Amino acid sequence: MYPTTPRESGTFGARPRPAGGFELWSWYFMRISGAVLLLLAVFHLLWMHLVIGLDNITFETIVRRWTGPLGAFWRVYDLALLVFALTHGMNGARWVINDYVHRRGWNLGLKSALGVLYALLMLMGAYVIFTFQAPPTIVAP
Amino acid sequence: MEVRVRIQRYNPEVDEKPHWEEYTVEVEPTDRVIDALHQIKWFQDGTLAVRRSCLHGICGSDAMLINGRNRLACKTLVRDLGKVITVAPLRGFRVIKDLVVDMEPFFRKYRSVMPYLVNDERPPARERLQSPEERARFDDTTKCILCAACTTACPSFWADSRYVGPAAIVQAHRFIFDSRDQAWRERLQILNENTGVWRCRNIFNCVEACPRDINVNKAIAEVRQALITGSRGIEEPE
C-alpha cells in the first residue's frame, strides 16, 4: 500500500543540510592548503636560492630579514608557511594512521602523540616568530 | 592455441596457505578466460572452485584478478592476454575456496547506503516522470553490476576494510542524483563519515578495474562536491 497523503512519514528530507563535519573540513582544508603551499613553498624556494643565493643563507641574513623594514611581512609569511605546512603534514599523518592502524588503543595513542607534537611544534615556531629580536651583535639594516 | 593457466589455489580446510597450480589448455584465441577455466574444471581438475552465472558480463559473479588486473573472466579474451594467464581471487576478501571469495562484507556495505528509491509522496497514476536530462545525470552509475572489481582494486580498501568502498559510493551516487529520490541527504550523511568518501585518495585503480567502464572516481568526486556544497545540484520542491 502506498501512503495516502504526500510525505506521510516525514522521515525523509527532515535532516539538516548534509554539509559540515570534521572529516569534510579536513578534506577540504587539504585541497586549499595544498594549493596555498604550492605558492608559498615555490616562492620561498626561489627567494632563498635565487635572490639570496645558497651561499648567503646565514643566521645574519634571517635576522636582517625579520628585523628590517619588511620584517612584519616576512614574519607573517613565515608564520603562514609554518601553519599551512605543519597542519597539512600532520593531517596527512593522521589519515595514514586512520588508514593503517586499526587497533583502537594504538590508533588513539598515535593520534594523541601526533596532536601533542603538532601543538608543541606550532607553539615553538609561533613563539620564535612573534618574539624574535635581533641579538646586539648584529645591527639591523 | 595452447596456453598455460596459472591459478592461485586455496582450500582453507586442507591448505595452510595459497599456492599456484599450472594447467595447459587448448583454446581458441577468441575464447574467454572463463572458457579456459571451464576446460580445466570439467576435463582436468574437478576440484577447482570458480563462481560464474550468466557468462555474459552482466551478473557480476566472475570478477577475478587476471594477469594482475581485476576483470570479468567472461569478458576477457584469451588473445588479449598472451600464452601465460595468471588467475587469482579478488584481493581484500576472505577466500572461501580457490577463486570464490566471501562477498558478504561487500554487500553489507552496499546495503548501508540505502541502494533503493525512496519517495514518500503518493505516486502518480502512471510513472514518476523524469526528463531525459534528469535521467542522464546518473546514467553512468546505473551500469554497475556489483562485481566488486573496483572495491577490491582499491588500496584504501586494502588498507582498511571498514572503508565503504567505490562500489557502494557508485550505488549511492545512482540514487543521490536521481531527481525522484528524497533520501539523498541521508545517503550523503552516511558517506560523510570517516569511513565514507573522505577515504578515497584518488588512486584511480577503480576506474581502471571497472568492467563496465564507469568513471568511478568522477562519481566519488561528485558525491564529495554535493557534501561540500550541501546541494546535489537538482532543484528541490517546496
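Me: What does the accessible surface of chain A come to, and how much belongs to carbon and sulfur atoms?
Reply: In this predicted model, the accessible surface of chain A comes to about 9,400 Å², and 73% of that belongs to carbon and sulfur atoms, with areas taken from the Shrake-Rupley method with a 1.4 Å probe. Local features need pLDDT of at least 70 and side-chain atom pairs count only at pLDDT 80 or more, while totals for chains, interfaces and linings use all residues. Residues are numbered from 1 along each chain as its sequence is written, and chains are lettered from A in the order in which they are written.

Me: How many helices and strands has chain A?
Reply: Chain A has four helices and zero strands, where helices (H or I, at least four residues) and strands (E, at least two) are DSSP runs numbered from the N terminus.

Me: And what share of chain A is buried?
Reply: Of the 141 residues in chain A, 30% are buried, meaning under 20% relative accessible area (1.4 Å probe, protein chains only).

Me: Switching to chain B, in what order do the strands of the sheet come?
Reply: The five strands form an open sheet in the order 2-1-5-3-4, with mixed pairing, and two strands pair if DSSP finds at least two bridges between them.

Me: Which are the edge strands?
Reply: Strand 2 (19–26) and strand 4 (69–72) of chain B are the edge strands, since each pairs on one side only.

Me: How do strand 3 and strand 5 of chain B pair?
Reply: Strand 3 (residues 63–66) and strand 5 (residues 84–88) of chain B pair in the antiparallel sense over two bridges, and Leu65(B) stands opposite Ala88(B) in strand 5.

Definitions and conventions. Heavy atoms only, no water. Buried < 20%, exposed > 50% of the residue type's maximum accessible area, 1.4 Å probe, protein only.
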